[in-house]
Amino acid sequence: MADTSPLPVLLSRVLGELTAEVESAAGVGPGMPSLAVWSNVVRCVADGRADGIGERALPAAARISRRLATAAVTGSTRREWITAEAEAGSKARHLRLTDAGRAAADVRPARLGVLDAEWKDRPLRGLLEGLVSQFELELPQFPASYGTADPSAIGGPYTPGGKHGVDWKPVPRREGDTVSSLPLTALLSQALVAFTMDYERAFPWPLASTANVLVHLASEPRPLADVPGDHGIAGNGKSLLERHLIATVTADPANPKRKLVALTDRGAAVVHHHPARLEAVEAEWRNRYRDALVAGLRQALGAVPTNDHPDHVVSPLHRG
């Protein structure tokens, strides 16, 4: 039976599966940066630059926001993948690989190459190349949020009109072949980020937060401790869902020490309209990128066996 899950869920689960495979490979241990950190930080410092890269150039190189890049550099320097040293006569810093970063630059591409060789002749690769090559913008090689406390793709869902945040600058896709040299994981990432951007363009709440957290909540309170995943709900009125009046946290009348969480009317409206927004974006994609390509991609993704992975992959780069 065909998998009827939303397209971004299929993309996320397959990306999660391949990420787990890459990160569990022999020689890729706890001393190695995650695929997310490799893709959006260490790779950009290492990529064809013997002397590293200026910190101000990182957002464009990684296709991420300036605010996330700043946090990502902090996380990666703390974990000693890179160094960030002030440039002479300038407030700007220059990023260079450490010995650990250079080791990652040797191991990570090789492991991704093994994975790509395994998938070279399968339909999924060609379908993703056919899709991603049509995107107007270059996008991250691993899904990244707009900021450490903002799970949206490029900022904007919280404001009328959904304009992107000022710390994210688009990188136009260059002419020629921009996809055949990319790892399969990077193609999956760009497809997922593109869908997320289209979803959030006309929706008042981030897709990652809705898919991973809100769908597990309801208007009826439930124990906060039972909410799965990295939901970020603190119960102090300051966390994202509480500040934006999406969810509310109260004490359990039967046990005041236990916290209960429930959707507000606004949060319930987001969850109610979420399926229709997913369907609308997929319909747009079928019209824009060809129905046969999107249908084939859905079929190829659904045929990949996956374990338990998030319904929307996004990386906390600031954690290193």
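In helix α6 (residues 123–132), the residues L124, R125, L127, L128, L131 and V132 are buried, where buried means under 20% relative accessible area, exposed means over 50%, and partly exposed lies in between (1.4 Å probe, protein chains only). Helices here (H or I, at least four residues) and strands (E, at least two) are DSSP runs, numbered from the N terminus. The cover over the buried residues of α6 includes α1 (7–23), α5 (99–119), α7, α10 and α11, with contact taken as heavy atoms within 4.5 Å. The model is a predicted one, in which local features need pLDDT of at least 70 and side-chain atom pairs count only at pLDDT 80 or more, while totals for chains, interfaces and linings use all residues. Residues are numbered from 1 along each chain as its sequence is written, and side-chain values use heavy atoms, with hydrogens and water left out.

Consider α6 against α11 (residues 291–302): the two pack at an angle of about 140°, and their axes are 9 Å apart. Axes are lines fitted to C-alpha atoms, for helices over the stretch in contact, and angles run from 0 to 180 degrees between N-to-C directions. The two helices are therefore oblique to each other, since angles under 35 degrees count as roughly parallel, over 145 as roughly antiparallel, 65 to 115 as roughly perpendicular and the rest as oblique. In this pair α6 passes α11 in a left-handed crossing, a crossing being left-handed if the near helix is turned anticlockwise from the far one by less than a right angle, and right-handed if clockwise. From α6, the residues L124, L127, L128, G130 and L131 meet L293, G296, L297, A300 and L301 of α11. By class this contact has eight nonpolar, two polar and no charged residues, where Ala, Val, Leu, Ile, Met, Phe, Trp, Tyr, Cys and Pro count as nonpolar, Asp, Glu, Lys and Arg as charged, and the others, Gly among them, as polar.

The packing of α6 with α7 (residues 184–201) has an angle of about 45° and axes 10 Å apart, and these helices are therefore oblique to each other. Here too α6 makes a left-handed crossing, passing α7, and the contact joins R125, L128, E129, L131 and V132 of α6 to L184, L187, L188, Q190 and A191 of α7. Its residues divide into seven nonpolar, one polar and two charged.

Helix α7 also packs with α10 (residues 265–289), at an angle of about 120° and with axes 10 Å apart, which makes α7 oblique to α10. In this pair α7 passes α10 in a right-handed crossing. On the α7 side A191, A194, F195, D198, Y199 and R201 take part, meeting H274, R277, L278, V281, E282, E284, W285 and R288 of α10; this contact divides into seven nonpolar, one polar and six charged residues.

The largest nonpolar core holds 89 residues, of which L124, L128, L188, L217, W285 and L301 touch the most other members. Such a core is a set of buried Ala, Val, Leu, Ile, Met, Phe, Trp, Tyr and Cys residues joined through side-chain atoms within 4.5 Å. Helix α7 supplies the largest share of this core, eleven residues. Leaving aside residues up to four places away in sequence, L217 touches R222, V227, I233, A247, V261 and L263.

H273, placed in α10, is partly exposed, with a relative accessible area of 44%. G229 lies in the loop between β4 (222–223) and α9 (240–243) and is exposed, with a relative accessible area of 62%.
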